[in-house]
Amino acid sequence: MDLIEQQVETHPRPQMRRPWRSLDGEWEFSKGRDQKFVQHDRVVFETTIRVPYSPETEASGVADTDFYNTVWYRRTWEQEPLGPGQRVMLHFQAVDWRATVWVNGKRVKTHEGGYTPFQADITAELVPGTTQQVVVRAQDDPADLAKPRGKQDWLREAHSIWYPRTTGIWQSVWLETVNQERIHALHWSSSLDRWEIGLEALLIGQRPEPMQLAVRLHVGEQLLAHDVYTVIAGEVHRRIALSDPGIDDFRNALLWSPSSPTLIEADIELRTSDGTVLDTVQSYTALRSVATQGDRFILNGRPLNLRLVLDQGYWPETGLTPPDDAALRKDIALVKQLGFNGVRKHQKIESARFLYWADRMGLLVWEEMPSAYRYTTQSIQRVTREWMEVVERDRSHPCIVAWVPFNESWGVPDLPDSPAQRHYVQSLYHMTKTLDPSRPVIGNDGWESVATDIIGIHDYDDQPERMNVRYGRNEIESKLLNRERPGGRMLALEGQEISFKQPLMITEFGGIAYPGADAAPAVEVMGSANAAKAKRDWGYSRAKTPKDFLKRYRDLLECVRTMPSMAGFCYTQFTDTYQEINGLLYADRTPKAPLKQIALATSGAVPSATLAPELDPQVDQAWRDGMMRRH
């Protein structure tokens, strides 16, 4: 397969862009079940696979959902000659779980963690001529519950709220040619108090003469700053002030929000002192602030009611991997058309492409760490290491407004009785606040809070009247804050005070199941004795018709949306996901009721074109064409 230079619009690392070449497409593949390989050069590749789709998915061409322990990949590419001082970087956006990479027979990288990117400088491993070879081994024990795995099932068949596994490569593989002296990492921040953009740049390479970093910030044709900084000790740390123009302050128009997602483009050059350009990258940032103040969530200094929907990020034929970029844009447009202003990405670290479109289209994102399900020294080390990589990768994205290290005490099952487990949650909360002090952190969403900036409550009661009573202000003060237990769990444990001094949100509720008019009869709620039907049709309550579905949703949202005690909510869920049929949309993204009626129930008003822009016809057609090809 020929390598194609990609356009900026599809760059897998959108906040640090250079020319790049994709290695996605057809690779040789071995399932590794019948051969216990140790040596990479003895692997028998019995089939092919379409990267970046995991072998469990139809889109991969393998479509085998049985257990894997080790899978192997191989492909070749044609490498263009390098110029003086140039290096070749091989990038993997995500490989689940332990990846080992060989280039032309030499091992170049080992990485653990299924949700974060890694790279290797492979220049020394290139062989004479143009044809080069890469081999990848992915080891992913399906029974290992001590590694971050999110919703990937440990049973052979998906059950309850767990889904088919994702083994091996599931995000893009790509090549980048760089200079020896180059920009290695960029991080952005902003301060509304001082109207400043913060820049951290880390550089690689040594030269006898000083290097300089030139930074140009602009919004369209409007120039905001054009500065040059001297590189000291391989780093640049600067705060770039946006000048006060006086009474007619245009800077307010620069603020990023869901209704006005203004991005500030950045052109960055690394130069020698005589002006020779060593490296050029394109990036972007935004001017916005998030915080909590009293019992409210604050965006750009003003209270914002959060209307989130739980989004698990699966597609029927491609699993955790989006079918294409158009599918990401379509999902974000649909979320906004449904009346929401954000998503809680549940048990998945999304691709940087999703975050790019959320940045550009104005969608708030809660980012949540996929859980491990055992509490061991090994699981602590694995979760902590990968969570640090997640925050490092994503903290420059303006769309991310909250971090969630734990969900529902998964991986810390004995929080009420174990001081060590409470210290673990508290340590990740404080570590996250240290790595990124600019965003709220929800230490353990759902219940049993021990360190948090927002109290998240999971409550799947399907009776709005009971919900109204439970979360009325008087009831909260007299009962809920005195250890009442929605979901059967205490809201807070020793060391965590909950009161109206911090925001409360219902961060999971609803889950109304509706399989469609043509579906066979199924159970009313999960937990019924009819296990076979429950496996096929999972939900917390069940609607019988589209009209009934919409009424249930409208009544529940009218209750939750208008609670004065709450800073916002997160409805379960965006789409049907495998056996879970409790989405607002079917798995193919078809609405279960008219979009405008759902939006009216969600927000109390039909979103304007600004808040919920219509999907670009070309994007919609690209998505539809992709669906037709896959069928």
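User: What does the accessible surface of the protein come to?
Analyst: This is a predicted model, where local features need pLDDT of at least 70, side-chain atom pairs count only at pLDDT 80 or more, and totals for chains, interfaces and linings use all residues. Residues are numbered from 1 along each chain as its sequence is written, and side-chain values use heavy atoms, with hydrogens and water left out. Carbon and sulfur atoms hold 49% of the accessible surface (Shrake-Rupley method, 1.4 Å probe; for residues, only the protein chains shown count as cover). The total is about 25300 Å².

User: Is Asp140 buried or exposed?
Analyst: Buried means under 20% relative accessible area, exposed over 50%, and partly exposed in between (1.4 Å probe, protein chains only). Asp140 has a relative accessible area of 5%, so Asp140 is buried.

User: With which side chain does the side chain of Asp140 make a polar contact?
Analyst: A polar contact is a pair of N or O atoms within 3.5 Å; within protein, one must be able to donate a hydrogen and the other to accept it, and residues adjacent in sequence count only if both atoms are side-chain atoms. For Asp140 the distance is 2.4 Å, and the partner is the side chain of Lys147.

User: How are H8 and H9 oriented to each other?
Analyst: The axes (lines fitted to C-alpha atoms over the stretch in contact, with angles from 0 to 180 degrees between N-to-C directions) of helix H8 (residues 546–561) and helix H9 (residues 595–603) come within 7 Å and cross at roughly 25°. Helices are DSSP runs (H or I, at least four residues), numbered from the N terminus. Angles under 35 degrees count as roughly parallel, over 145 as roughly antiparallel, 65 to 115 as roughly perpendicular and the rest as oblique. H8 and H9 are therefore roughly parallel.

User: What percentage of the 631 residues is buried?
Analyst: The count covers the protein as a whole, with its 631 residues. Buried residues make up 59%.

Conventions:
Helices (H or I, at least four residues) and strands (E, at least two) are DSSP runs, numbered from the N terminus.
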